[in-house]
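Subject: Structure handover

Dear colleague,

Here is the structure you asked about, with the sequence. My notes on what was found follow below it.

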Amino acid sequence: MAEVVALGEVLIDFAEKSKDVEGYPTMAAHAGGAPANFLAALRNLGHSTAIIGKVGVDAFGVMLLGTLERCGIDVSGLVQDENVFTTLAFVTFNREGDRAFSFARKPGADTQLRFEEIKLSLIDQAKAFHFGTLSLTNEPVRSATRAAVAYAKAKGKLITCDPNLRLPLWRDIEDARREMLWAVSHADVVKISDEEVDFLWGCTPEEGAEKLLNVYGVSLAMVTLGPKGSYLKNRSGAFAYCAGPQVSPIDTTGAGDIFGGTALACILESGKNAAELTAEELKNIGTFASTAASLSTERSGGIASIPSREDIQARVAKLSNN
């Protein structure tokens, strides 16, 4: 039985390693997809997990299945479809080091998941159900995601969401904003970045957290602040600013997902409702998750970059001593 089940994209991330004289990149392939990274972080901390999604019957789909199985993630809900190709994402960098995303997803396998293909027994047995907004960009996976969220809520599951913004995948900006807002309005715990807060509301991270809590009914808002750490606040009014360690990042892909999965592991281990966590507990959760995310940026890839519990604890101890 999986403690946490996530629905969404499982894909190959191609990250730029270098450029030739004409500017064409040499790429390195890594297993990825936000829900897969999220679950791998949870599994790394000892929590049982399962993925619901779709890949192709191709070399990349086979590799992804193997990677997730080796991570200990239940892949019985991951459908293989011979009619579509496994989704591919390409990450390149400009001269300032900022990332740009390109996707081979027209359609990609992840967008073709239908509700009738979802293994509902995985949701039945889980404590928490997680989803992201890349499952809301296209049909039929948009309808499948909406139905799965409704099913999980009806079963009384903890709903967690990451409104991950990748503008190239949306028809237009308003479509992205509308679906992201739908997603957060159906979640108990939301992990969101400061950039996504600015996109949705044009406000500060603190104001964004207030909107999530008081307008959209979220129990716990977790806003990641890049190298500055994170800000957490819940419905009881408890809040905390949480720093991570100073690092020398080489690849930030998957850092937000690793933050989210690590934070959920800490919430589950607390045994408390997210809305009832104290400021001290939020501080500990945010610091631990920010540290995990920071350390992951020192290695390439998403799943491949997840640090061990021992490494996270050691760096948190150093933060406490400074």
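The lining of the second largest cavity has 4 polar, 2 nonpolar and 2 charged residues. Its members are D13, A15, H30, V91, D251, T253, G301 and G302, and the cavity has a volume of about 30 Å³. Please keep in mind that this is a predicted model.

A search of the whole structure gives 2 cavities of 30 Å³ or more. Two or more of the lining residues come from each of β9 (158-162), β10 (189-193) and α8 (255-270), and α8 has the largest share, with 4 residues. Sorted by class, this lining holds 5 nonpolar, 4 polar and 3 charged residues.

On to the sheet. An open sheet is formed by 4 strands with mixed pairing, in the order β3-β2-β6-β7. Because β3 (25-32) and β7 (99-104) are at the edges and each has a single partner strand, one side of each is left without a neighbour in the sheet. On average, neighbouring strands here are turned by 25 degrees against each other, direction ignored.

Strands β6 (residues 88-93) and β7 run antiparallel and are joined by 6 bridges; T92 has A100 in β7 as its bridge partner. Helix α2 (residues 59-71) packs on this sheet and touches β2 (11-19), β3 and β6. The direction of α2 makes about 100 degrees with that of β2.

Regards

Definitions and conventions:
Residues numbered from 1 in each chain as written. Predicted model: local features only at pLDDT ≥ 70, side-chain atom pairs only at ≥ 80, totals over all residues. Heavy atoms only, no water. Pairing = 2+ DSSP bridges. Axes fitted to C-alpha atoms, helices over the stretch in contact; angles between N-to-C directions. Contact = heavy atoms within 4.5 Å. 1 Å grid on protein atoms, 1.4 Å probe; cavity = no way out; pocket = protein on both sides within 12 Å on 5 of 7 lines; lining within 4 Å. Points joined across faces, edges and corners; volume = space filled by probe spheres on them. Nonpolar A, V, L, I, M, F, W, Y, C, P; charged D, E, K, R; others polar.
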